[in-house]
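Dear colleague,

I am handing over the structure below, and I would be glad if you kept it open beside this email while you read. What can be found in it when we go through it piece by piece?

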Amino acid sequence: MEFFKKYLLLLFLIANITSEYKLFASVSKVLFYVIFAVSILFLFRQEVWSPLSKKRFSEFFSFILIYLIAQFVLQLDLINQQNLLYTISKCSFFLILILCISTNFDFYFKKSLNIFPFIILGLIALGWVYNRVDALGSVCFGFVNRNVACTLSTAAFAGFLFRKEKISTLEFLFAAFLFATILYGGSRNALAMCILIVFVRYGISFKIIVVGAISAILIIYICPMLGIEATAFERLTGTIEGNVSLDREDQRKAAWMMIQLRPWTGWGYSYSNVGSAAILTELGPHNGYIHTIENLGWPLGLLLLSGILFGSIKRIKLYFLHNDIINYHLAIIISTLFGAIQESYLIGVNQCTTNLFFLSFAVLGVYLYNYKNKSICIKKK
């Protein structure tokens with residue numbers, strides 16, 4: 001029992017990481033539901049609902065309340081199996097997170113950097129030789145598509161940059177391999193997230209600008225001469241120059257049409273586009289912020305996003321403590337918030353990028369609470 005109290009969140013995140021990996025997807029799905037079944041035994045324990053937990057994880061209790069009000073007050077006409085499952089799963093994940101971080105904070109704050117980067121690295125390395133290309137001929141490195149592979153690579157890339165104060169040669173090689181995967185994979189979003197992670201790690205200085213310029217020259221001129229594709233860089237620079245479209249215009253228009261049809265209550269989580277939106281596209285908006293409004297409606301959607309964004313701003317103040325572990329979690333938060341502009345992060349339940357974001361959000365929230373109260377105690381003395 002003690003093991004599950006401490007490591008249920010770890011198992012949950014491993015299920016997330018492998019959920020869209022072709023080789024392990026079927027096993028991962030079983031693990032995902034087993035974890036939720038086991039979690040029922042723990043979600044009403046004192047560690048979750050104690051006054052201290054409510055203070056440390058106040059934002060998460062607010063998020064839970066928002067999802068419950070959305071489903072059982074505003075969306076009674078949309079109650080079905082899929083919507084109920086989503087609401088219960090999302091709230092359960094937040095409670096699992098509260099339980100495990102409350103009982104094993106140091107592990108998720110520090111030691112998780114010894115686990116997740118290596119798991120992702122192993123999956124990506126295997127994906128280079130097995131299931132490297134999907135049915136459409138696009139590289140996917142063993143995952144369902146390149147965007148999943150590349151975005152997870154950014155999380156592992158951050159892990160190797162921040163694990164130690166001075167990066168070792170081996171860690172540098174691991175980070176370089178993941179960066180090369182992102183370049184070859186062609187995800188503009190993941191490449192931009194990587195650049196943000198580097199700025200969080202090293203700051204914006206003349207030295208970093210020079211290194212960046214040299215790297216860009218190598219990628220633009222030397223790599224093609226060696227027959228090496230840097231698809232992500234070409235697509236990112238093409239997007240900035242206006243030569244490559246964002247490929248999201250129709251999805252965004254359809255999402256705004258759907259929001260206009262149910263602006264106050266939202267559509268829940270099992271909807272398909274209807275009317276003119278359905279004619280335009282069947283796909284979602286590929287934007288976590290718009291998708292949240294579409295799911296929850298304007299009042300609750302803005303309330304949820306405000307909690308996430310203002311909570312993130314509060315945590316960014318910790319950057320000035322110059323602690324590498326803190327800055328790793330800040331890098332995950334900042335890069336994911338940026339990435340949510342082009343992908344529907346912040347939404348999913350069995351989505352690793354989203355849940356790694358909430359893990360970092362949670363541990364920094366606890367750290368910030370402890371830091372503030374320690375400062376208050378010192379002042380009183």
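**What was found**

Tyrosine 67 has a relative accessibility of 3% and therefore counts as buried, a word that stands for a relative accessible area under 20%, while exposed stands for over 50% and partly exposed for what lies in between, all with a 1.4 Å probe and protein chains only. Please keep in mind that this is a predicted model, in which local features need a pLDDT of at least 70 and side-chain atom pairs count only at pLDDT 80 or more, whereas totals for chains, interfaces and linings use all residues. Residues are numbered from 1 along each chain as its sequence is written, and side-chain values use heavy atoms, with hydrogens and water left out.

**The chain as a whole**

The average pLDDT, which is the predictor's confidence in each residue on a scale from 0 to 100, is 87 for this chain, and 87% of the residues score at least 70. Over residues 238-245, however, pLDDT stays under 50, and the model has eight contacts beyond four places in sequence for that stretch, a contact being heavy atoms within 4.5 Å. Where pLDDT is low, the predicted coordinates should not be read in detail.

The chain contains 18 helices and zero strands, where helices (H or I, at least four residues) and strands (E, at least two) are DSSP runs numbered from the N terminus. Of its 381 residues, 50% count as buried. When we take the contacts between residues at least 6 apart in sequence, 75% of them join residues at least 24 apart.

**Aromatic pairs**

How many aromatic pairs does the structure hold? There are 43 of them, a pair being rings of Phe, Tyr and Trp (its six-membered ring) whose centres lie within 6.5 Å, with planes under 30 degrees apart counted as stacked, over 60 as edge-to-face and the rest as tilted. In one of these pairs, tyrosine 21 and phenylalanine 143 have ring centres 4.7 Å apart and planes at 80 degrees, so the pair is edge-to-face. This pair links distant parts of the chain, 122 residues apart, with tyrosine 21 in the loop between helix H1 (2-18) and helix H2 (25-39), and phenylalanine 143 in the loop between helix H8 (116-129) and helix H9 (146-162). Both tyrosine 21 and phenylalanine 143 are buried.

Tyrosine 67, with which we began, pairs with tyrosine 269: the ring centres are 6.4 Å apart and the planes stand at 50 degrees, so this pair is tilted. Because tyrosine 67 lies in helix H5 (residues 58-74) and tyrosine 269 in the loop between helix H14 (249-261) and helix H15 (275-280), the pair ties together parts that are 202 residues apart in sequence. Tyrosine 269 also counts as buried, at 13% relative accessibility.

Is H9 largely enclosed or largely open? Since 15 of its 17 residues are buried, H9 is largely enclosed by the rest of the structure. From its first C-alpha to its last, H9 reaches 24 Å, close to the 24 Å expected at 1.5 Å a residue, the expected span being 1.5 Å times one less than the number of residues.

Leucine 161 is part of helix H9 and is buried at 6% relative accessibility. Among the residues that leucine 161 contacts, leaving aside neighbours within four places in sequence, are Ile167, Ile197 and Arg201. The C-alpha atoms of leucine 161 and isoleucine 197 are 8.8 Å apart, although the two residues are separated by 36 residues in sequence. Arginine 201 in turn lies over the face of phenylalanine 162, at 5.7 Å from the ring centre; a charge sits over a ring if NZ of Lys or CZ of Arg is within 6 Å of the ring centre and within 35 degrees of the ring normal.

**Two further residues**

Glycine 185 belongs to helix H10 (residues 169-185) and is buried, with a relative accessible area of 1%. Apart from residues up to four places away in sequence, glycine 185 touches Val139, Phe141, Arg146 and Cys150.

Serine 312 lies in helix H16 (residues 288-316) and, at 1% relative accessibility, counts as buried. Beyond four places in sequence, its contacts are Ile333, Leu337, Phe357 and Phe361. The charged end of arginine 315 sits over the ring of phenylalanine 361, 3.7 Å from its centre.

With best wishes
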